[in-house]
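This report goes through a structure part by part. Please look over the sequence and the model before reading on.

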Amino acid sequence: MDESGGSSDIEYTNIDAAADAIDCSTIFHLVTDIVGFILFMHQQIPSLLQDITLEFDGLRSEFKELEIELAESEPKAPLIRRKLAARKREVKLGIRRLEKLMGCISNLKAALQLLVAEVPNIDKISLVLGPSPLRPLHIFELNFSNGRPFLEGFSRSKTTETLSRKAIRMMISKGIGSDSYPGPTKLFLLVKAPSYLNLPLHFLPKREFRPNRKTKPFRLRFRCRTQNPEMNPQHNDFASSVKLQHSPSTDLICNETAFFSLFAAAEFTNVVRVFIELESKEFRKSKRRHLSEKPAPAKSSDGAKMKFQIEDITVYFPYDNIYPEQYSYMLELKRALDAKGHCLLEMPTGTGKTIALLSLITSYVLAKPSNPVKLLYCTRTVHEMEKTLAELRFLHDFQVKELGPSARILALGLSSRKNLCVNPRVVSAENRDSVDAACRKLTASWVRETAIENPNVPKCDFFESYEKAASDAVLPPGVYTLQDLRAFGKQKGWCPYFLARRMVQFANVVVYSYQYLLDPKVAGIISKEMQRETVVVFDEAHNIDNVCIEALSVNVRTQTLDGASRNLSRMSQEIERLDLNLNFLSLFLHKSFGIIPPVRRLKATDAGRLRAEYNRLVDGLAQRGDLPTGNTWLANPALPDDILKEAVPGNIRRAEHFLSVLRRFVQYLKGRMQTENVEKEGPVTFVASINSQVGIDQKMLKFCYDRLHSLMLTLEITDTDEFLHIQTICDLATLVGTYTRGFSIIIEPFDERMPHIPDPVLQLCCHDASLAIKPVFERFQSVVITSGTLSPIDLYPRLLNFNPVVSRSFTISLTRDCICPMVLTRGSDQLPVSTKYDLRSDPGVEKNYGKLLLEMASVVPDGIVCFFVSYSYMDGIVNSWHESGILKEIMKHKLVFIETHDVVETTLALDNYRRACDSGRGAVFFSVARGKVAEGIDFDRHYGRLVIMFGIPFQYTLSRILLARLEYLRETFQIKEGDFLTFDALRQAAQCVGRVIRSKADYGMMIFADKRYSRHDKRSKLPSWILSHLRDAHLNLSTDMAVHIAREFLRKMAQPYDKSGAMGKRTLLSQEDLEKMVNGVEEMVF
Amino acid sequence: MNKDANFLPESTFKISNEDSICRCIAHEKPKAYSTTLGRVVLDKEEKCLTKRLNTKIVFITQEMQRQRRLRTTTAARIQKGLIRYLYIVIDLSRAAGEMDYKPSRMVVVARQVEAFIREFFDQNPLSQVGLVTLKDGVANSLTSLGGSPESHIKALMGKLTSSGDASLQNGLDLVQSLLNQVPSYGHREVLILYSALSTCDPGEIIETIQKCKASKIRCSVIGLSAELYICKYLCQETGGSYSVALDEFHLKELIFEHAPPPPAIAEFAVANLIKMGFPQRAAEGVISICSCHKEAKVGGGYTCPRCKARVCELPTECQICGLTLVSSPHLARSYHHLFPITPFDDVTPSATNNPNKLPKICFGCQLSLLNPGNMPAPCVSCPKCEQFFCLDCDIYIHESLHNCPGCESFRHSKLVVA
């Protein structure tokens, strides 16, 4: 984009200041000048900032004069008065036109002034121009050399004047564009500085600013005279990063409040928003850990635990009591295991699914040790993984106590390097990909080979000692959480990640993430060698179809293509380097590094390596098995059965040829993405058009990924995070080449919500969830899919295309009616409420929703969670509540927190929400269905006494991907569009409201606020545990009735209750009860 | 010194004295009941149906009360705190003006608090009560600790308006600073009647709760609308009880549960001697300056045995020398909490089948135990003296008298025989 500005690339443009040091006022004036310049150059403001200021002041003074004149001219002729009044109106119009802009700019100035005065040391100021700071059009970075004493006052000095003139001249000479963009463009001002504790409260922390790589920043550095001129940028960076580690720093946003900034952004187009950013990691770490109440029945650490028979299996259950539904769950599960088939079980949250599963399966293994041999337990998040392992440990301790050491098993969790690495240098990298790359830099086989000869090459001590221990490096039996693995690794000095990866083959129980089984790229490495006699459990699997689809979908944007071309050019450089002859290389190495490499090493490094690879490929041994083990980090994105076991086609065997193929492919994609219209086509036509236009046939495409993998290994590339782009492209190529059905390619030139901003995306979307999960069903004898919400339970087998031997839905047995679902169809004025498209922007509906929340806030204690159908709807309705004052009324009762796109901001909001609930202030959390919060965060106990679902969370039905998928589902599985949409929306709704009940001792209300919920076809798709508590009287409520019911319900629930349910319904069974029950009535009634 | 030596004999004497008084009352009270019964009989021809209904209702309520009492008095002998310093915190925030209780929450609360204060002093004559209100985000001390029910009730009734937010923290801070001054042998308690559903605090309330816990204040909360986490936490931490009222009747029940003294906290369980004075009543017509009101008063009043100052009412603490002043009936009335009467057994109809053993009259009120038509009415018997009582007497003995007439008279007759 900004080629001219970014041509200086990593280099800094230096500007030397005449003064000894740059003080605060200089920075302030410099920044305001540059902001004015940029705004003007990018046509965000009509004329120069100074001119505008002058004009504005002039207009204002004229207005005042006119006013006075008008007042004085009372007795004068009406003609003059009319003239004056007309002039006054004109001036007023002019003022109003400029007022908003001037207001923004003066806000910015004030904030900047405050920050400059408050923060001792500013490293960098970035100006980001674009629709959002994450997707910028232009970035300008101003670096300041250190050492500036704080001087009082912000007067403009002469040095400042010259400096800013210099800077602007420099920017003009570098050709900082003078282009204009249609649509809303904002200027973000981000300040990076170390934070300290007593910063004023209105600076809110913000995470590290990291824009996409597409845009190259224009870097400007101001140096003062006294500075050491030899300091290079790298050094500077390093110094600052060291410094940052010492002083925990925080990202700050400066604005009125974070909450209202949201509306500000929505309102203006040419808003100058001020984000003042400091950066922090400390902050995330200090996130309070919330210990949730254990869902399982009353636990006492000692005393009798349960041991009972289910048919021919003795089940060890580590608690004193068991819920009846847990028992029947185990019974069904056992039958499924007996039948060696797959099963689908729905049981509400808070009934102890996890322990029932673990307890039955481990007991089953103990009783029949040959079959099954292994349990693979898939969870969605690391947090759930840890929870599962903790439960398992509890169970394991009990079993060992009962049966002695023969019951010992090995159970461990497996996660990414980010979560398991103990090497302090590696784990400090910020994201997952860079941790992986950092690890590879230390552990790749060629790096280690080099390290043997040159001790200066860094390597990982943990990995080295793990390798040295070789087969001795084993985990003794026991249950290991990630934490335990790290501790064990540290203690032994072995790398926990590689240790865990190896021990997965031997472990009895492995707990890991869905991706390890479903994503073929990962599964190929990790889950390759699992036996058939394995039980696979997918916990919380209500979204499993989406996970499957995502595993096989690829998105390509322009920056991916740019990155891919960069990667390609680097690879060709590498190849050229390798092609240099041996002598020259030796000379080169000797001269530049002072190393005299031995002949053996050189042989491996030179062109011979490429030749060797070529020969290997000719022999058709390109499969992974042939390459050095330990380096297997790329696997085919297609499913194992679909990979052809044959040699790589001849025309891409040579590295140069392969690169040129890729180059042509990238070029082709670039061409396709320049389209003006939305295009949609199947993989077959896509491949055909590739073949005709750039001459790449299907077979070549299919082998792209393997070939790239092989090439990258040959070229000994370790910084894999840099090469993600080309990997994505090859992913796309291989998938397109392999599959002809169930996919479609959609090219959208812009985002539909913002049609003015060109943002082309090429999506390869998979429509068939059964593709990714098929190998899992085929490879393993039993697959258990379980969740709290799987209704309607007959749809999942159709979506995933398998035949379960057992599919059951269990209800929750409760001692009291501790959930109270309600369907609210009317507001207090008896008008229907709905988020239907024609009704959603109706002010009456918005008002009624607001009233509902307000009334509820006044009768419900502690926490209320509200779910909206989308971010845009939430923005709109909250905005209108704010305008009509409802929000203020709500704030009288409870504090309001809001979920945003930004993860850190949301975490902060959640944290404060919990604090407000803890300290009795009460709070409301606004969240979005399908958002992060709806999926992973629990609002149990007082954190969520009430959840309100505003509307039905249908997917965005005009999305091309969805339309394509619906069409596919209709054609292939005969699932009607309406059915699928309703199913998907209601599963989301159930997921949202299910957040409030996490255990039986808990209680909560759920309000479905939409008139459409009262219709049978919608309602009946809710899970049975909600439906069984939804009384007919609660199906058609208005706000005042709902409030009355809420009051009564909360009073009733606040009464003390007997956990075991001594009166009437029994929900906790002791061992004797269970035996009695089994002997008496064989069939349980549920 | 001399007075302390007198302490024990005098109190025991007084107890036996009290017994005789109680016996007298025992014979008066059932009479009141019998008159109402008589009236029912009179109206028999006219309101046959109503009567039956009435008696049935009476019976059911009696039975319910009995059941409840049986449940609470099962644990036989627990050490209990007899000297209690209780602050009642009343929430008069915006939420207290709500009308879900008729006529409004605060009126209902005030009414119940009034009844509670009377009942409280009846059961705990040695204890003291103070009132605190929460309003507009601040806490006000309405009355300081004192032993006179009337002054509290008067102060409370005058201040019934609601506004603003409630701040639990401010309330606790105030109560904590006030209760820190009371002597260490006293049991510090707070009873919070909380209408609001949130608390608007100036600082970290968790710290305040920890402070309360450290100064061993037992905090109990009665909510009027729904369960609030912070209240639950507070009660859990400080060993109090948390309950939420369903309606006015339930609210009364919940408040009255706080009238009998709670079991002593382990730290207080060590027995220690407390210096107490038993002042004499001044002669009628004597004019003296009262130390509590600082004005000259005629007649009545008591004289502190140590410093001879005049105080108006008992129990109190002497303003001059700080001695706790009580009268012996106060001690005696507190005494029964420590030695409750064993609950009476139900007499099943099968046991009464034997016409010889069939009880004819109640030993307490001497009225017939037979319903009209010679049907045996439900009755109970004392497990010790095996005398029969009617249900009215049962309730009266356990709730007011705290002595079993059967056992007492049996002991006396034995003494006489010996």
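## Chain B as a whole

A residue counts as buried when its relative accessible area is under 20%. In this predicted model, 44% of the 418 residues of chain B count as buried. The accessible surface of chain B comes to about 21600 Å², and carbon and sulfur atoms hold 57% of that surface.

Chain B contains 11 helices and 19 strands.

## A six-stranded sheet in chain B

Strands of a sheet pair through backbone hydrogen bonds, in either a parallel or an antiparallel way. Chain B has an open sheet of six strands with mixed pairing, in the order β3-β2-β1-β4-β5-β6. Its edge strands are β3 (138-146) and β6 (242-244) of chain B, each of which pairs on one side only. From one strand to the next, the twist averages 15°.

Within chain B, strand β4 (residues 187-194) and strand β5 (residues 217-223) pair in the parallel sense, over seven bridges.

## Two places in chain A

Helix α26 of chain A covers residues 655-673, 19 residues in total. From its first C-alpha to its last, α26 of chain A reaches 27 Å, close to the 27 Å expected at 1.5 Å a residue. Buried residues in α26(A) include A:Phe658, A:Leu662, A:Phe665, A:Tyr668, A:Arg672 and A:Met673.

Strand β2 (residues 124-130) of chain A holds A:Val128. Why does A:Val128 count as buried? A:Val128 has a relative accessible area of 0%, so it is classed as buried. A:Val128 and A:Leu189 are 61 residues apart in sequence, while their C-alpha atoms are 6.3 Å apart in space.

## Where the chains meet

The size of an interface is often given as the accessible area lost when the parts come together. Between them, chain B and chain A bury about 1800 Å², with 48% of it on carbon and sulfur atoms. B:Leu197, B:Glu227 and B:Tyr229 supply 33% of the area that chain B buries against chain A, more than any other three residues. In terms of contacts, 23 residues of chain B are in contact with 21 residues of chain A.

Methods:
Residues numbered from 1 in each chain as written. Chains lettered and ligands numbered in written order. Predicted model: local features only at pLDDT ≥ 70, side-chain atom pairs only at ≥ 80, totals over all residues. Heavy atoms only, no water. Helix = DSSP H or I, 4+ residues; strand = E, 2+ residues; numbered from the N terminus. Expected span 1.5 Å × (residues − 1). Buried < 20%, exposed > 50% of the residue type's maximum accessible area, 1.4 Å probe, protein only. Areas by Shrake-Rupley, 256 points an atom, 1.4 Å probe, with all protein chains shown as cover. Pairing = 2+ DSSP bridges. Axes fitted to C-alpha atoms, helices over the stretch in contact; angles between N-to-C directions. Contact = heavy atoms within 4.5 Å. Buried area = accessible area lost by both parts, 1.4 Å probe.
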